[in-house]
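Please look at the sequence and the model shown here before reading on. The paragraphs after them are meant to be read with the structure in view.

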Amino acid sequence: MSTVLLATDGSLPALTATVKAVAEAKQRSARLVILSVVEQSPRTTLERASESAALQRPEGEDGIEYAKELAAADKVPTTVLVKEGPVVGEIIRAAEETGAELIVMGTSSLKGLNRLYLGSVAKSVVSQAPVSVLVVKPTPEEMRTAKAR
C-alpha cells in the first residue's frame, strides 16, 4: 500500500492541506500518515501565542483529530506520528521512514518579521524532500471555510 504523509500543525493552512491530503490518499488507495512535530526549543507563553497568531492556528484546534475524522469519513486508513525535533528534519525523516510517495503540507503568506523569524518550512521541505511535495496555499475562501469549521 502506498503512503501519503500529511505534515500538520493545526494552522488554517494545514487544515486546508488536510482536505487535499485525504483526497490524494483516497485517490491513490493509500494510507495517510498524519505527522505533528513538536519543536524542542524552549519558548515563553508569549512566544507560543505570537507564533500561533502568525500561523493562524485556531484556538483549541487539533490538526491530528481533524485529519483522522476526515480520513475516517472517506475510509482512508491512517497512522499518527508525533515527533520532537527540528520540524523540517522530522518531516523529511518521517517521509523516508514511512516510505511516503508524497508529502502534503500547507503554507501561509507570512510577511515581515514573522517570515524572517519563522522562516519557510514548506520551502525547506520542498528543497530537501526525497519525494514530491504538494504545498497547499489556501485561497481566502478556503481560509474562511476552515475558520468556520
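What follows goes from the chain as a whole to its sheet, its helix pairs and a few single residues.

This is a predicted model, in which local features need pLDDT of at least 70 and side-chain atom pairs count only at pLDDT 80 or more, while totals for chains, interfaces and linings use all residues. Residues are numbered from 1 along each chain as its sequence is written, and side-chain values use heavy atoms, with hydrogens and water left out.

The secondary structure of the chain consists of seven helices and five strands, where helices (H or I, at least four residues) and strands (E, at least two) are DSSP runs numbered from the N terminus. Followed along the sequence, these elements give the pattern β-α-β-α-α-β-α-β-α-α-β-α. The chain has 149 residues, of which 40% count as buried; buried means under 20% relative accessible area, exposed means over 50%, and partly exposed lies in between, with a 1.4 Å probe and protein chains only. A contact means heavy atoms within 4.5 Å, and among the contacts in the chain with a separation of 6 or more, 84% are between residues 24 or more positions apart.

The strands form an open sheet of five, in the order β3-β2-β1-β4-β5 and with parallel pairing; two strands pair if DSSP finds at least two bridges between them. Because β3 (78–84) and β5 (132–136) stand at the edges with a single partner strand each, one side of each is left without a neighbour in the sheet. On average, neighbouring strands of this sheet are turned by 20° against each other, direction ignored. The edge strand β3 pairs with strand β2 (residues 31–38) in the parallel sense over seven bridges, and Ser-36 stands opposite Val-82 in β3.

The helices can be taken in pairs. Two packed helices are described by the angle between their axes and by the distance between the axes. The axes here are lines fitted to C-alpha atoms, for helices over the stretch in contact, and the angles run from 0 to 180 degrees between N-to-C directions. Helix α1 (residues 12–28) packs with helix α3 (residues 63–73) at an angle of about 30°, their axes being 10 Å apart. That angle makes α1 roughly parallel to α3, since angles under 35 degrees count as roughly parallel, those over 145 as roughly antiparallel, those from 65 to 115 as roughly perpendicular and the rest as oblique. The crossing in which α1 passes α3 is right-handed; a crossing is right-handed if the near helix is turned clockwise from the far one by less than a right angle, and left-handed if anticlockwise. On the side of α1 the contact is made by Leu-15, Thr-18, Val-19 and Val-22, and on the side of α3 by Gly-63, Tyr-66, Ala-67, Leu-70 and Ala-71. By class, these residues divide into seven nonpolar, two polar and no charged, with Ala, Val, Leu, Ile, Met, Phe, Trp, Tyr, Cys and Pro counted as nonpolar, Asp, Glu, Lys and Arg as charged, and the others, Gly among them, as polar.

A second pair is formed by helix α4 (residues 87–98) and helix α6 (residues 121–128), which pack at an angle of about 40° with their axes 9 Å apart. The helices α4 and α6 are therefore oblique to each other, and their crossing is right-handed. Here Val-87, Val-88, Ile-91 and Ile-92 of α4 meet Val-121, Ser-124, Val-125 and Gln-128 of α6, so that by class the contact has six nonpolar, two polar and no charged residues.

Some single residues complete the tour. Leu-32 lies in strand β2 and is buried, with a relative accessible area of 0%. Leaving aside neighbours within four places in sequence, Glu-90 is in contact with Leu-35, Val-37, Lys-83, Glu-84 and Gly-85.

Two loop residues have a positive phi without being glycine. Ser-29, in the loop between α1 and β2, has a phi near 55° and is exposed, with a relative accessible area of 55%. Lys-75, in the loop between α3 and β3, has a positive phi of about 55° and counts as exposed at 74% relative accessibility.
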